[in-house]
Amino acid sequence: MPSVFDESYYGELYDMYSRLKDTKEKKMIILGTSSVAFGLDTELLESELHDVGLQYTVCSFGLYGALGTKIMLDLSKDYIGEDDIVIFAPEYIDQELSLYFSCEHTWRALDGHFEMFSKLDSDNKKTMIGNYSKFLGEKQKYLRQGIKAKTNDVYNKSSFNDKCNLIYDRKYNEMDGGFDQNALVKLDSSIFDESFISYVNDYADYVRKQKAQIYYAFSPINAIALDKIYSDDEIYEFYSFIQDSFNFKVIGNIKNYIMEQEWFYDSNVHLNSSGAILRTSQLLDDIKTQYGIGAPSNIVIPNKPINPSNQEIGSGDNSMVDYFTYELKDNGTYEISGTKEEMIGVEEVIVPYSYNDKLITSIDASIFSGNESLKQIIIQDNILALKDEMFKGCNNLRAIVLKQINPSKLSVGQKLLDGTKDCYIYCPDYETLVAYSNSYFWGHYGAYLRVFNEE
């Protein structure tokens, strides 16, 4: 069957793999997951390295957290040559610091390019074979509709150029409040799985056997997304744990990678285009320090991009605006902070659009908790984020109806449906469902997505 995922975000994995495999010159491989794709301008890095005498082809080898870090290690291993440099820069997310492996996401990334299958380890291959029929069933659904698996935002193969550099213009921080509240960052040794550390250290041993070098570098961290305020001693303790746990050198200062919110885009680890230049400059400085190069950088750091305020209200359904209470946020929009007596016994809720001539953009995570009357809730396109477990104890909730057609404009974590029973998420039409199914954040809910009013 023809490929259906080759134009999606998954489709870029093969191009990254091919570039790594086919490059005959000395390579600098930046290895991790999506904070590599979103957090570096690899062409700029390569140009600056050449200017100071480091003649390397920079290969970006980080794409998608749902694929995990392990698959990037496995796919790159056979293409590390003498004098190559590997920069290992994992994200500080439990899943990315473990041996997590997803058959569902890997089959999508391999679609049409099954040669990558041979690079997986034997246990992962067995699991993949066991899930092959499920993958074929998914492909057939797309083929029957005569469409490709794509979304309508940055998360497509077309967002990258032929050098695997993400060229989609990410203008500014699009997150409500400047950070993703569902994915706070914890700087603690407990987020590292011991088996993962061992696996990476074995990988590093292999790199050195190829007469190549490997270094540990820090990934970007949204300063306001930290789960608490960390003292310098606590940050140093975390740094020391990394230094002591991995059998290769750590370069750079982690505090330089705890960056202000304005540099981020749509997650706590994804940088906007300006932020990627800043992080590229920082990594370049760390590499030059390691190699004793004192030449100044030619990179011009842009100003911090500021997101224009959400003050254009537009129009929406405010028929239930008097059922709730509200709290004005610092950015001039409202959060729904509570419910009034009018909500008692209500089965179908339309989340209101605006209040006091200002947009409502968020919902407190607790206001629907334990509501056993609620059966259906409509989320209009003014809402920018849905919080984990916000429907916990809503035992009769069967439908979360989304009006937003662009999944990148509605942030979600991985626990939205936790605490519900037999609840599904409805999109307005099939095209929007496809976009959500292939969204970086919403893909987790693929099995629960439906088209509204369609059997």
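**Entry 1. Salt bridges**

With which residue does Lys21 form a salt bridge, and how far apart are the closest N and O atoms? I found the partner to be Glu115, with 3.0 Å between the closest N and O atoms. I note at the outset that the model is predicted. I then looked up where the two residues lie: Lys21 is in helix H1 (residues 12-22), and Glu115 is in the loop between helix H5 (103-110) and helix H6 (122-130). The pair therefore links distant parts of the chain, 94 residues apart.

I checked the accessibility of both partners. Lys21 has a relative accessibility of 24% and counts as partly exposed. Glu115 is likewise partly exposed, at 36%.

Next I looked up Lys119, which forms a salt bridge with Asp78; the closest N and O atoms are 3.0 Å apart. Lys119 sits in the loop between H5 and H6, whereas Asp78 belongs to the loop between helix H4 (70-76) and strand E3 (85-88). These two residues are 41 residues apart and link distant parts of the chain. Lys119 is partly exposed at 22% relative accessibility, and Asp78 is partly exposed at 44%.

I turned to Glu335 and Lys387, whose side chains meet in a salt bridge of 3.0 Å, N to O. Glu335 is in strand E9 (residues 334-339), and Lys387 is in the loop between strand E14 (385-386) and strand E15 (399-402), 52 residues apart. Are these two residues buried or exposed? Glu335 is buried, with a relative accessible area of 13%. Lys387 counts as buried at 10%.

I also recorded a network: salt bridges that share partners join Lys70, Asp74 and Asp121. For the whole structure, my search gave 20 salt bridges.

**Entry 2. Aromatic pairs and charges over rings**

How many aromatic pairs does a search of the whole structure find? I recorded 45. I looked up the pair of Tyr64 and Tyr440, whose ring centres are 4.7 Å apart. Tyr64 lies in the loop between strand E2 (57-61) and H4, and Tyr440 lies in the loop between helix H11 (430-437) and strand E18 (449-451). The pair therefore ties together parts that are 376 residues apart in sequence. Tyr64 is buried at 3% relative accessible area, and Tyr440 is buried at 14%.

I then examined Tyr216 and Phe218. Their ring centres are 5.8 Å apart and their planes stand at 70 degrees, so the pair is edge-to-face. Both residues are buried.

I also looked for charges placed over rings. Lys26 lies over the face of Tyr56, at 4.7 Å from the ring centre. The charged end of Lys77 sits over the ring of Tyr206, 4.8 Å from its centre.

**Entry 3. The sheet that begins with E10**

In what order do the strands of this open sheet stand? I recorded five strands in the order E10-E13-E15-E17-E18, with parallel pairing. Strand E10 (348-350) and E18 stand at the edges; each has a single partner strand, so one side of each is left without a neighbour in the sheet. On average, neighbouring strands are turned by 25 degrees against each other, direction ignored.

I followed the pairing of E10 with strand E13 (residues 376-379): three bridges join these parallel strands. The bridge partner of Ile350 in E13 is Ile378. Helix H11 packs on the sheet and touches E15, strand E17 (424-427) and E18. The direction of H11 makes about 170 degrees with that of E18.

**Entry 4. The sheet that begins with E2**

I found a further open sheet of five strands, in the order E2-E1-E3-E4-E6, with parallel pairing. Which strands stand at its edges? They are E2 and strand E6 (249-250), each with a single partner strand, so one side of each lacks a neighbour in the sheet.

Within this sheet I looked up E3 and strand E4 (residues 213-216), which pair in the parallel sense over four bridges. Ile87 stands opposite Tyr215 in E4.

Definitions and conventions. Residues are numbered from 1 along each chain as its sequence is written. This is a predicted model: local features need pLDDT of at least 70, side-chain atom pairs count only at pLDDT 80 or more; totals for chains, interfaces and linings use all residues. Side-chain values use heavy atoms; hydrogens and water are left out. A salt bridge is a side-chain nitrogen of Lys or Arg within 4 Å of a carboxyl oxygen of Asp or Glu. Buried means under 20% relative accessible area, exposed over 50%, partly exposed in between (1.4 Å probe, protein chains only). Rings of Phe, Tyr and Trp (its six-membered ring) pair if their centres lie within 6.5 Å; planes under 30 degrees apart count as stacked, over 60 as edge-to-face and the rest as tilted. A charge sits over a ring if NZ of Lys or CZ of Arg is within 6 Å of the ring centre and within 35 degrees of the ring normal. Two strands pair if DSSP finds at least two bridges between them. Axes are lines fitted to C-alpha atoms, for helices over the stretch in contact, and angles run from 0 to 180 degrees between N-to-C directions. Contact means heavy atoms within 4.5 Å.
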